Amino acid sequence: MPTQLQHARDGETTAAMRRVAERENVDPEFVREEVAAGHAVIPANREHPSLDPMVIGEAFSTKVNANIGNSEETSSREEELKKLHTAVHHGADTVMDLSTGSDLDGVREANVRYSPVPVGTVPIYEAVKRADSVGDITFEMLFEVIEKQAEQGVDYMTIHAGVLMEHLPLTDGRKTGIVSRGGSILAKWMEDNAAQNPLYARFEELCEVFAEYDVTFSLGDGLRPGCLADAGDDAQYAELETLGELVAVAREHGVQAMVEGPGHVPLDMVAEQVDREREVCDGAPFYLLGPLVTDVAPGYDHITSAIGATEAARAGAAMLCYVTPKEHLGLPDAEDVRDGLAAYRIAAHAGDVAAGLPGARDWDDALSEARYAFDWRRQFDLSLDPERAREFHDQTLPGDNYKEARFCSMCGAEFCSMRIDQDAREDGEMDRIADETDLEDSPAAEVNRPPVGTHDTSRVPELPAFLREIHEDDRSGAAADDWSRVRN
Ligand code: SF4
């Protein structure tokens, strides 16, 4: 059966292309053209029936990935499903199951089964668990893991095929060496076996499996910089050249491919990174981790990296992998996931607005209109994190009567500048503004919000009882009828 890429090249618009066009508010033919050119991907494994397809590409709204998964120290299948729910609830466009603990198959199967968003993995982690030591991993073992994960319905996989033996000496002078888990594993394997990276040497065999299930390559940057000092060095850019070569091979086999990027990059070098990837990888969607624009703020790296991510989105990044406040320090909990996702959804949206993505600013305009109209409920509902907005407002002014008040506790009634401004306007002017900001009749009422948190969950099997309870709790603070339309 043809992949999305092959359908697109044949001039055929698939159901997935029509659905993502609907979510992005664009013409399906435009989606087809972008996929056919390899400038966009629709990660949609044929074995993932609960998926609501979405598109990743520079021409579309910037997407956000959240990493979930267990470790040796934590957690159960139930815990992992809670993390999945938290990530999707707070607007993750994709999730990556990076589990390295126990019950890998069970956790992965559950995640795919209940996820309405694409699920990604890094198969080499499972291969490491299977082998006695890194040097004992074989290509056959890797191939078996990849094939099984494809059968399970994983939509995209990080494959570190671009780290080559000849690149390794280029990392010698680095401040922080090789910081990618996959990159460090493959470097050790090559040193132990004195052989080329098997994922590179036998890449075409992987393409055949990827094509069979329509899994998308996420070509990993195993030599990404782990600090500002290493950003854009010879090792990083040598690997990028190889990734460009692999993008072409994947496309020849009809397989969709995106490319992963750093990491840690000074703010003034972020756009250069995006431009270089676009050129070297022929416009393949660029998927960045951050990047962090300073190394000095552990505990706040969702902020340091969201600054870099905003610039990356403005410059053309297609997807951003979130970073939580726990980065470099520990495994994130649910609150960290929420904070990381909020930071990254802000980055993605701010980047889209600055890049001039058609319709991106409608959301801002709608919220501003509600704010100026003192329509507090509407303002909460339009907020990126409605629960937090409502909670913060109600900490000081909880009563229902304050939901129409012409002030809040920040400036107080006497000094509310918007009230003073409105009162100072000439007779009739406020009526005109009120008419213009009548949200019921305004096009902004049907704001073209980015397709975050709007997943169609109708194909997701009925949630297990413990998740149903969490789901209901999450919604309990919602006042607006359109809550279910915008969140899940
Ligand atoms: S009191 Fe200040 S912050 Fe609150 S609505 Fe008025 S101008 Fe805005």
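How many bridges join β8 to β9, and do the two strands run parallel or antiparallel? In this predicted model, three bridges join β8 to β9, and the strands run parallel.

**View 1. Strand β8 and its pairing with β9.** Within the pairing of β8 with β9, which comprises three bridges, Gly261 has Leu288 of β9 as its bridge partner. Between the two parallel strands, the chain passes from β8 through α12 to β9 in a β-α-β crossover that is right-handed. Strand β8 is largely enclosed by the rest of the structure, because five of its five residues are buried. Ala257, Val259 and Gly261 point one way from the strand, whereas Met258 and Glu260 point the other way, and all of these residues are buried.

**View 2. Strand β8 and its pairing with β7.** Strands β7 and β8 also run parallel and are joined by three bridges. In this pairing, Ser218 has Met258 of β8 as its bridge partner.

View 3. Helix α5, which spans residues 104-114, is mostly covered, with eight of its eleven residues buried. These buried residues are Leu104, Gly106, Val107, Arg108, Ala110, Asn111, Val112 and Tyr114. An α-helix has 3.6 residues a turn, so residues three or four places apart point the same way.

**View 4. Two cis peptide bonds.** The peptide bond that joins Pro262 and Gly263 is cis, and its omega is about 5°. Gly263 belongs to the loop between β8 (257-261) and α12 (270-280). A cis peptide bond also leads from Gly290 to Pro291, where omega is near 10°. Pro291 is located in the loop between β9 (286-289) and α13 (301-315).

View 5. Asn25 is a residue other than glycine, yet its phi is positive, near 60°, and its place is in the loop between α2 (15-24) and α3 (28-36). Asn25 counts as exposed because its relative accessibility is 55%, the cut-off for exposed residues being over 50%. Asp214, which is likewise not a glycine, has a positive phi of about 60°. Asp214 sits in the loop between α10 (203-213) and β7 (216-219). Is Asp214 buried or exposed? Asp214 is buried, because its relative accessible area of 2% falls under the 20% cut-off.

View 6. Leu267, Tyr300, Ile303 and Ile307 make a nonpolar surface patch of about 390 Å². One of these residues, Tyr300, lies in the loop between β9 and α13. Tyr300 counts as exposed because its relative accessibility is 51%. The loop that holds Tyr300 is also where Pro291 is found.

Terms used
Residues are numbered from 1 along each chain as its sequence is written. This is a predicted model: local features need pLDDT of at least 70, side-chain atom pairs count only at pLDDT 80 or more; totals for chains, interfaces and linings use all residues. Side-chain values use heavy atoms; hydrogens and water are left out. Buried means under 20% relative accessible area, exposed over 50%, partly exposed in between (1.4 Å probe, protein chains only). Helices (H or I, at least four residues) and strands (E, at least two) are DSSP runs, numbered from the N terminus. Patches are made of residues with over 30% relative accessible area and no salt bridge: like charges are joined within 9 Å, nonpolar side chains (Val, Leu, Ile, Met, Phe, Trp, Tyr) within 5 Å. Accessible areas come from the Shrake-Rupley method with a 1.4 Å probe; for residues, only the protein chains shown count as cover. A salt bridge is a side-chain nitrogen of Lys or Arg within 4 Å of a carboxyl oxygen of Asp or Glu. Two strands pair if DSSP finds at least two bridges between them. A crossover is right-handed if, with the strands pointing away from the viewer, the path from the first strand over the helix to the second runs clockwise.
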